[in-house]
Amino acid sequence: MLIITIKQGKEKSLLAGEPWIYASAIERVDGKPNEKMKAGGTAVVQSSSTRFLARAAYNAKSQIRARVWTFDEAEPIDHALIKRRVQAALARSAQKAGSARRDQLVRLVDAEADGLPGLLVDGFGGRDGYLVCEFNAAGVDAWKVAIVQALLAGTGCKNVYERADDLVRKGEGLPVVFGALAGEEPPDEVVLSENGVRVALDLKTNERFPLR
């Protein structure tokens with residue numbers, strides 16, 4: 001496993017709960033070369049005095065070198081954690097999703113706020129509709145299969161589509177990919193109700209157009 005050692009004095013933000021670790025805060029990264037180059041691999045983060053600080057997803061190609069999964073030394077980063085985080089995010093958004101109309105877009109997973117750094121998931125059309133995911137960081141990208149499995153189980157929705165933010169993915173050193181991860185792709189256009197206004201939406205690109 002990788003070990004990230006933080007420069008003396010730079011650990012204060014982590015102790016305060018800041019989930020991002022920038023390249024400028026890192027003294028060194030120890031581990032096998034192939035592990036260092038593996039985008040999204042799990043690393044132990046420690047202070048210059050070797051005090052445990054966090055477990056994080058490491059990405060040598062990003063200016064945000066690591067994104068914290070947990071500050072709890074006893075919490076492993078595994079399938080069970082991913083499942084719990086997705087379930088908890090869906091539970092928090094359940095009331096909002098339950099009261100939404102079928103023509104509304106609902107944020108179901110909101111990245112760091114839900115303990116899944118870089119992951120955005122929107123739902124449209126309820127159980128018979130679509131889940132649209134953006135994997136905007138290497139850590140959640142590495143756990144993509146487990147995340148999709150948890151989303152399918154937690155929502156009952158059969159259609160999961162991956163959308164990519166070109167600039168963000170390229171900044172993370174990740175390939176820009178689009179496509180269905182489960183079920184069917186969304187249609188080229190759906191009718192979205194947003195702040196009382198009805199517009200046409202392409203779920204695959206997030207572009208909005210006037211209704212024809």
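**Figure 1. The open sheet of β12, β13 and β14.** In this predicted model, three strands make up an open sheet whose order is β12-β13-β14, with antiparallel pairing. The edges of the sheet are taken by β12 and β14 (207–209), each of which has a single partner strand, so one side of each is left without a neighbour in the sheet. On average, and with direction ignored, neighbouring strands of this sheet are turned by 45 degrees against each other. Between β12 and β13 (residues 197–202), which run antiparallel, there are five bridges, and S193 has R198 in β13 as its bridge partner.

**Figure 2. G183 in the loop between β11 and β12.** The loop that holds G183 lies between β11 (179–182) and β12 (190–194). With a relative accessibility of 57%, G183 counts as exposed, because the cut-off for that class is over 50%. Once neighbours within four places in sequence are left aside, the residues in contact with G183 are K158 and N159. Although G183 and K158 are separated by 25 residues in sequence, their C-alpha atoms lie 5.5 Å apart in space.

**Figure 3. Helix α5 and the glycine that follows.** Helix α5 covers residues 144–155, and its 12 residues should span 16 Å at 1.5 Å a residue, which agrees with the 16 Å between its end C-alpha atoms. The buried residues of this helix are K144, A146, I147, V148, A150, L151 and T155. As background to reading such a list, an α-helix has 3.6 residues a turn, so residues three or four places apart point the same way. After α5 comes G156, which has a positive phi, near 80 degrees.

**Figure 4. The cysteines C133 and C157.** The count of disulfides comes to zero. The sulfur of C133 has its closest cysteine sulfur in C157, at 9.6 Å, which is too far for a bond, because a disulfide requires the two sulfur atoms to be within 2.5 Å. C157 likewise is in no disulfide, the sulfur of C133 being the nearest cysteine sulfur to its own. Both residues are buried: C133 has a relative accessible area of 0%, and C157 has one of 2%.

Figure 5. An unreviewed UniProt entry lists residues 2–91 as "domain: PUA". In the model, this span is 24% helix and 37% strand, and the C-alpha atoms at its ends lie 33 Å apart.

Key. Residues are numbered from 1 along each chain as its sequence is written. This is a predicted model: local features need pLDDT of at least 70, side-chain atom pairs count only at pLDDT 80 or more; totals for chains, interfaces and linings use all residues. Side-chain values use heavy atoms; hydrogens and water are left out. Helices (H or I, at least four residues) and strands (E, at least two) are DSSP runs, numbered from the N terminus. Buried means under 20% relative accessible area, exposed over 50%, partly exposed in between (1.4 Å probe, protein chains only). Contact means heavy atoms within 4.5 Å. Two strands pair if DSSP finds at least two bridges between them. Axes are lines fitted to C-alpha atoms, for helices over the stretch in contact, and angles run from 0 to 180 degrees between N-to-C directions. The expected span of a helix is 1.5 Å times one less than its number of residues. UniProt positions are given in the numbering used here, feature names are shortened, and annotations may be inferred rather than shown by experiment.
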